[in-house]
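Dear colleague,

I am passing on to you the structure we spoke about, with the sequence and coordinates placed just below. My notes on it follow, and I would be glad if you could read them beside the model.

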Amino acid sequence: MASLRRAALLGALALISVVSTSMGAVATAAPARTMSPLCQVAGLLPSGSSAGLGYQCAEAGELLDLTIGEVRATQPSLGYDEVYYKLGRYTLGKDEINKKFDDWCEANGQEEAASALPDARLDNPSSFTCTVPVGQETPDTIAPMKTVVIGPGGVPYLTDGHHTLTSFYESADGGPNLHLRLRVVANLSDLTTADFWARMKAEKWVWNYDVDGNEVPVEQLPSGVGLAKFQNDEYRSLTYFARDIGFTPGSIPFQEFYWGAWVRDSGAVDISGWDSTNLASYLSTVESVSRAQVAAPKDAVIDSGRTAAELGALGAWNDGKAASKGEFGKLSAPYSDDKPGKLAYALQYKMGLPR
């Protein structure tokens, strides 16, 4: 039986190869399939039933359980300070339930943490619980999940969540073998490598530019997550901390990268005096950036054809609240407060890094 099944798979692979070759560039214009033709021809079930075939049988919309060490990156850099904030919150946090369990539950489609034992660990799912059990997910709990596109060979390419997965990767109780569910956006595993990347670029599911704005060949994108695999994009860090102050984060992949490129290239804001190790200087620079975001005309093209309106620019700075209130007020809280701000956690964590 096993030999017959292997023969069927090999035959299916050969058939798909012939079809793909004959279609050529036409494949890039085809709509995303919910399941690879290989799985349809071979009569396979969705992911988990196709040993040796990667995730070629994963369907669009599926919540795919995998280890974070399996994903490939679709961007060459991170805003390190966002990761430092998360790691600071995880290791120096003042939360009743450690924030990392909230982040894991949210990323897994289970809303937030409900409880955690004193010695709870990410790599021990029985040591904490989430508010929404597996199987009872809703559109609202699924919406914040991180996403992948299945590429040639059944390889999952991360299109959103590089910072979150890197934070889990760098955690003492995380690492590459940590399990997490990711939502499948599309299965493009039947495309050739060239057609796959053409489709990824057309859909804006890849950000292949370095910290200076130079194009990075897709072959040189990181093989996975983890700080050591990425460049540090300081502009991306700035725009992360401007969330809900200058713009609202939405569903557009790489949203902060578009804004970061605008800060770097447009001259709309002067950040020459920015000291990324000083809270007051960092806050002042985030304020300048976020006020410039709000001031930009809503139909102004920010980067890559995306307008300020598309990228969530707010109509009023800090959503119309005073500097001591709202998101900017929260961001301003020092580490000595009961509820430190994101910047305070990032800077406190950075202080402990080797120099």
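**Helix 6 and the sheet**

Helix 6 (residues 162-170) lies across strand 6 and strand 7, and runs at about 115° to strand 6. Please keep in mind throughout that this is a predicted model.

The sheet is an open one of 4 strands, in the order 1-7-5-6 and with mixed pairing; its edges are formed by strand 1 (63-67) and strand 6 (155-160), each of which pairs on one side only. On average, and with direction ignored, neighbouring strands of this sheet are turned by 50° against each other. Strand 1 runs antiparallel to strand 7 (residues 179-187), to which 5 bridges join it, and Leu63 stands opposite Arg183 in strand 7.

Turning to the helices, the axes of helix 3 (residues 80-92) and helix 4 (residues 99-107) come within 7 Å and cross at roughly 120°, which makes helix 3 oblique to helix 4. On the helix 3 side the contact involves Tyr85, Lys86, Arg89 and Tyr90, which meet Lys99, Lys100 and Asp103 in helix 4; by class, this contact has 2 nonpolar, no polar and 5 charged residues.

Glu82 also lies in helix 3, and with a relative accessible area of 4% Glu82 counts as buried, because that value is under 20%. The side chain of Glu82 makes a polar contact with the side chain of Arg236, at 2.9 Å. Apart from neighbours within four places in sequence, Glu82 is in contact with His163, Arg236, Ser237, Tyr240 and Phe241.

Key: Residues numbered from 1 in each chain as written. Predicted model: local features only at pLDDT ≥ 70, side-chain atom pairs only at ≥ 80, totals over all residues. Heavy atoms only, no water. Axes fitted to C-alpha atoms, helices over the stretch in contact; angles between N-to-C directions. Helix = DSSP H or I, 4+ residues; strand = E, 2+ residues; numbered from the N terminus. Parallel < 35°, antiparallel > 145°, perpendicular 65-115°, else oblique. Contact = heavy atoms within 4.5 Å. Nonpolar A, V, L, I, M, F, W, Y, C, P; charged D, E, K, R; others polar. Buried < 20%, exposed > 50% of the residue type's maximum accessible area, 1.4 Å probe, protein only. Polar contact = N/O pair within 3.5 Å; in protein donor to acceptor, adjacent residues only side chain to side chain. Pairing = 2+ DSSP bridges.
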